Every structure is written in C-alpha cells, then in structure tokens.
Amino acid sequence: MVPDSKIEAIGGVLVDPGRPLKERFRALFTLRGLGGEAAISAISRCFDDPSALLKHELAYCLGQMGDVRAIPKLIEVLSDSKQEPMVRHEAGEALGAIGDPTVEDVLRKYSKDPCVDVAETCQLALSRLAWLQSSAGKGQDNKTAVGTQFLSIDPAPPEQETDIEKLREQLVDETLPLFERYRAMFSLRNINTDESARALAAGLTCKGSALFRHEVGYVLGQMGNSAVVEELAAVVRNKDESGMVRHEAAEALGSIASPQAEEVLREHLKDEAAVVRESCEVALDMSEYENSPAQFQFADGLQAKV
C-alpha cells in the first residue's frame, strides 16, 4: 500500500503549472492506478487549472476509478457553467462510468443542458445506467470491456453482433439513438482488426454529433491501429472541426506511434487551438513511450503510462 505522503508528492506534480504537461499527465495516471480517497482528493484539487485538456483528463480518470467518493466533485464540475464544455461533458460521462443510480436526477437535469455536448453525454450516461439496471445488464461487471484487452469502463456496452459491415451501418446511421451507435462502436473496437478499425474511421466523417466523432477518435486510440493514420491525420488537420474531436484524433495518433503519426503531431505543436497543441505534446510523449523498451518512471519508482 502506498502511503499518503507519496500520493501527496505525486499530487504535487499534478497541480504544479510549472511542470511540463506530459509530466503532469504521468502523475495523473499514476494516481488513477493507485486509487483510493487520497488519490481522488489529489486529482480533485486540479479543476481550477487553465488547461481544459488536463481537466478533461482529470474527470475521465475519476470516472475510470469507479469510486463513488468521486461523485460529489464530478457533480460540481458538471454543474459549473464556467467550466469548458469538454470538461463538463467528461464529468457527465464519468458519472455514468461510476454507475451509481443516485446520480440519475443530476444527469436528467443536465440532459437538457444548452450545451449539446453536455446534454448528449448525460443522455448517454442515463442510458448506460438504465442498461445496468435492465435484465441484460444486471449482474454485469461495471467494466463492460473486461475480457478484452480494453479494460476501460465504456459509455455503452458492446453489441453481440460480430458482422463488421452490419456494425458499420449501425455506427454511421444518424437516425439511431447515440447509445445504439456507441454499442456498435465498442463492438468494432473489440473485434480489433484492420477492417474493423477502418469501419470505425467511417464515423469520423459523420456530420452530426461532435461528441460521437470525439468518441470514435478515442476508441481508435485504444486500438492503436496504423491502418487509420490517414483518417485521423485528416481530422487533426481540419481547422473547421471541433477542438474536442481534433484533440482525440491527435491522442489516437500518439497511441499508434508510427513515424507518419508523429509527423502529423509535430505539425500541430503550435496549433491555434490550445487543446490541440497540448494534445500533440502529450501524444508525442505517449508515442515515445510506445516506442521505448522502458516505462517512464518517477523518482520514487512509481510508473505510469499516459
């Protein structure tokens, strides 16, 4: 068991704006891996940071920790209209990831938020909570992806369907509820082939929900498949696309870690959008990790992967 003094030291790295962002991200993911009340407290102290990217990742990690003790902070962030939409959206998604039905009223309230990204996120989170309480979801582990190599708590459970073309059609059908399209998305991810990655990449060109396209980028990052570098690069280079989507595409390129992917990231280290240039910085650090035989380490010997 890691003593609280070490958690405080790692938290000190996280909250220090003088540290490179990549170091702060490593500290964050170390805290996520350690878990517990002290780690939640250390992460929660950083939501006044100027970096929307970092705050978005704070909320994501609190959700992935699956600990109900993070709920009050996540509700506070979701409710704060002064926070950036991508941060509020991630707080809503995190509440859905934790899966506690006590947050239903809060999610219902913000499912009608004026910010479309926040509203859609809360609608998805409500659908996830309903699924967990349904006959199909009862008895399921909260981490719906356990049993695959993707050990994330996902916003929607995968479909049972395994036909890639049928799943692609469901993914890109903008007449369907987002929850159903997300289920196809995670099924394609779990198939985890070049063909399923390309089917997923078709979602990057859907015209409707930016939230949906951002999730496609995230999932392609989980896969780390070099077959879709060109599609992701096109998103990063598209200045008319939402920063929330471009940043996820950049981080996905960092996970792929190929020379072509790194070239795109270097092109955008001085991008006009802060969330994009910060994502490129972190993604290049991730790429370095993926191409290194050794893991990054802190002085105290704790390891983290962004």
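Rings of Phe, Tyr and Trp (its six-membered ring) are taken to pair when their centres lie within 6.5 Å, and a pair is called stacked with planes under 30 degrees apart, edge-to-face over 60, and tilted otherwise. The model is predicted, so local features need pLDDT of at least 70 and side-chain atom pairs pLDDT 80 or more, whereas totals for chains, interfaces and linings use all residues. Residues are numbered from 1 along each chain as its sequence is written, and side-chain values use heavy atoms, without hydrogens and water.

The structure holds three aromatic pairs. One of them, tilted, joins Tyr-182 and Phe-212, at 6.3 Å centre to centre and with 50° between the planes. Because Tyr-182 belongs to helix 10 (residues 178-191) and Phe-212 to helix 12 (residues 210-223), this pair ties together parts that are 30 residues apart in sequence; helices here are DSSP runs (H or I, at least four residues), numbered from the N terminus. Both Tyr-182 and Phe-212 are buried, that is, under 20% relative accessible area with a 1.4 Å probe, protein chains only. Ring pairs link Tyr-182 and Phe-212 with Phe-186 into a cluster. The charged end of Arg-181 sits over the ring of Phe-212, 3.9 Å from its centre; the criterion is CZ of Arg or NZ of Lys within 6 Å of the ring centre and within 35 degrees of the ring normal.

Gly-35, with a positive phi near 70°, follows helix 2.

Conventions
Helices (H or I, at least four residues) and strands (E, at least two) are DSSP runs, numbered from the N terminus. Buried means under 20% relative accessible area, exposed over 50%, partly exposed in between (1.4 Å probe, protein chains only).
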